[in-house]
Amino acid sequence: MLEGVNRSWYDHFATLCETLPASIPSLAVNLLVTSRGYFDNSLRKHLVKALACGVTSNANNFGRDADSQSSFLNLDNDMFLWYQFSRCSFNGSQFYRILSRWHNLQREINEYLLSTRVKKAWLTSYNVRHNFTSPLRIRELMADEDRLYHSLISMIQSISEALDEVFDRYTVTEWIEQNIYPTVLELEELQRNAQRLKTPQIWPRRPFAPLVDLQRLGVSLYSNHSATKG
């Protein structure tokens, strides 16, 4: 949803809060609602025209059998309207379509990182700190990393080209740095950690010495029994 066209109150010390091309369909819907005072199936042709949707557009097919008093937009199955306006050609529509792909890729990468670094027990932060894991398990965990990383790099190129149509390079690079670059760094760090963990061929016995930094959190490193015994 577009938060507002007039950004005179916007704090310029903050990062980008929105990218206009992704909000144009939402803006068109909002303007129709506020100018007409209602939104139902009778406004479909006005919305399709405003967004330059072709005759084969998915947006043209929605709501044809709907009651005239109901909305023709299906927000239950297409919350961001990516499918319904995927063939429209308004200014910035290329970036709008790419956002759907980025959303899916981002979700896949986040699920992969969560599974690899948290849910599985061989590439967690504990394993990294102690340089202790099974190289065989690491190879299994990293099976999808290369594919996801190269998909991400390809996505950056596509988004950069799409944003170039409507923004200057400062805005383009800032958006990519905010929204995609952190994910690149996470995957690269995962790759470095995996490479380092696959190197050892001799491992220490467990249990490991307690992490000294836990003391500042009020955690005793050794039990009273151990201290007395020592």
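Visitor: What should I know before I start?

Guide: Residues are numbered from 1 along each chain as its sequence is written. The model is predicted, so local features need pLDDT of at least 70 and side-chain atom pairs count only at pLDDT 80 or more, while totals for chains, interfaces and linings use all residues; side-chain values use heavy atoms, with hydrogens and water left out.

Visitor: Let's begin with charges. How many salt bridges are there?

Guide: Side chains of opposite charge can pair when their charged atoms come close. Here, a salt bridge is a side-chain nitrogen of Lys or Arg within 4 Å of a carboxyl oxygen of Asp or Glu. By this rule the count comes to 5. One of them joins R147 and E108, whose closest N and O atoms are 2.8 Å apart. That pair links distant parts of the chain, with R147 in helix α7 (residues 145-164) and E108 in helix α4, 39 residues apart. Helices are DSSP runs of H or I with at least four residues, and strands are runs of E with at least two, numbered from the N terminus.

Visitor: Which residue forms a salt bridge with D164?

Guide: R169 does, and the closest N and O atoms are 2.5 Å apart. D164 is partly exposed, with a relative accessible area of 38%, and R169 is partly exposed at 41%.

Visitor: And which residue pairs with R216 in a salt bridge?

Guide: Look at D213: the closest N and O atoms of R216 and D213 are 2.6 Å apart. R216 is exposed at 64% relative accessibility, whereas D213 is partly exposed at 39%.

Visitor: Now the surface. Which residues form a nonpolar patch?

Guide: A patch is made of residues with over 30% relative accessible area and no salt bridge; like charges are joined within 9 Å, and nonpolar side chains (Val, Leu, Ile, Met, Phe, Trp, Tyr) within 5 Å. Accessible areas come from the Shrake-Rupley method with a 1.4 Å probe, and for residues only the protein chains shown count as cover. In this model L211, L214, L217 and V219 form such a patch, with about 310 Å² of accessible area together. L217 sits in the loop between α9 (181-197) and α10 (224-229), and L217 counts as exposed because its relative accessibility is 56%.

Visitor: Where is L81, and what is its phi?

Guide: L81 lies in the loop between α3 (58-61) and α4 (93-119). Its phi is near 65°, a positive value in a residue other than glycine. L81 is buried, because its relative accessible area is 8%. N131 also has a positive phi, near 50°, and belongs to the loop between α5 (125-130) and α6 (135-141). N131 is partly exposed, at 27%.

Visitor: Finally, how many residues apart in sequence are K49 and F90?

Guide: They are 41 residues apart in sequence and 9.7 Å apart in space, C-alpha to C-alpha. You will find K49 in helix α2 (residues 44-50), where K49 is exposed at 72% relative accessibility.

Key: Buried < 20%, exposed > 50% of the residue type's maximum accessible area, 1.4 Å probe, protein only.
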